[in-house]
Amino acid sequence: MAKESGSQYSDWAEAVLYNGLGRYEEARASASRITEHPQDLAPSNWHLAELVEAAVRAGTPELAADARRRLVAMTRASGTDWGLGIAARSEALLVEGQRADDLYVEAIERLGRCRIAVDLARAHLLYGEWLRRERRRIDARTELRTAHELFSDFGMEAFAERARVELEATGERARKRTVDTLRELTPQEAQISRLAAERHTNREIAAQLFISPSTVEYHLRKVFRKLGVNSRKQLANRLGLKTGIR
C-alpha cells in the first residue's frame, strides 16, 4: 500500500507539472493512472481537478465530464470554500458563455478566502485564458497578469511561463523577474498601493480591480516588504514623497 500511495502521489505531481507545461495528453495519462487504484482515497481525490483540465484540453470532454461529476460529488460533501472553488473552476472548463464566466468568478471568490494561493493563481490563469479566447483582451490581461505574478513568486516556472505566453497573446509583455525588479513595484502592486494609500479598504480595492480581497492583501504584504513599511499610514507617506499623495 505504501508503494502504491507513493506511486499515485508521483502520478498526481506529474499531472500538475504537465498541465503547467501545456502537455495535456501526458497530464491526462498521469491523472488517469490514479483511477486504477481507487482504494487509496486521498491521492485519488487530488487528481480529479487535474484530470478535468487535461481531458478538456486534450479533446476528451466525456472523460472530463465524468471526472467533474465525481469532483462535484466529493466537494459538495465537504462544503468547504476550497473544495467548492476547485469544483467551480473545473466546471467552468466544460461550459460556455455567461455560465463559464460566473463559475470562474465564483472560483476566484471562494479560493480567495483560502490559504492555498496556488489554486487561486490557477483560477486566475484559467479565467484569463478563457477571457482571451472570448476576445475580452483587457479583462484577460488583469487575470493573466495576476496569475503570472503569483506563479513567479511561488517559483512555479511552468505555470508562470504559460501565463506569460497567454499574456503576450493579449498584446501585453510580461515583465521579467530579475534580482533588480524583485524590489520594484509591479504595475498591479503600484495601483493597489495608491488605492490603499488613499484609504480604500481591501474589499473596495478588490471591487475596483476585479480581483479578490485576499489577492489585494497578498500584494500589499509584498509592497510593505519592498518599501520597508509596516502600515498604510507609512505607505501613504512613502508614496506621497513620489506621487504627491497627501
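This is a predicted model: local features need pLDDT of at least 70, side-chain atom pairs count only at pLDDT 80 or more; totals for chains, interfaces and linings use all residues.

Modeller: Let's start with Arg-132, which is partly exposed, with a relative accessible area of 24%. The side chain of Arg-132 meets that of Glu-166 in a salt bridge, at 2.7 Å from N to O. Arg-132 belongs to helix 7 and Glu-166 to helix 9, so this pair ties together parts that are 34 residues apart in sequence. Glu-166, for its part, is buried, with a relative accessible area of 9%; the cut-off for buried is under 20%.

The next pair to look at is Arg-162 with Glu-129, a salt bridge whose closest N and O atoms are 2.8 Å apart. Arg-162 sits in helix 9 (residues 157–169) and Glu-129 in helix 7 (residues 117–133), so parts 33 residues apart in sequence are tied together here. Both Arg-162 and Glu-129 are buried. They also take part in a network of salt bridges that links them with Glu-50, Glu-53, Arg-57 and Arg-122.

For another example, turn to Glu-14 and Arg-33, whose side chains meet in a salt bridge (3.2 Å, N to O). This pair links distant parts of the chain, with Glu-14 in helix 1 (residues 2–21) and Arg-33 in helix 2 (residues 24–34), 19 residues apart. Glu-14 is partly exposed, at a relative accessible area of 30%, and Arg-33 is partly exposed too, at 33%.

As for the whole model, the count comes to 27 salt bridges, taking a side-chain nitrogen of Lys or Arg within 4 Å of a carboxyl oxygen of Asp or Glu.

Methods:
Residues are numbered from 1 along each chain as its sequence is written. Side-chain values use heavy atoms; hydrogens and water are left out. Helices (H or I, at least four residues) and strands (E, at least two) are DSSP runs, numbered from the N terminus. Buried means under 20% relative accessible area, exposed over 50%, partly exposed in between (1.4 Å probe, protein chains only).
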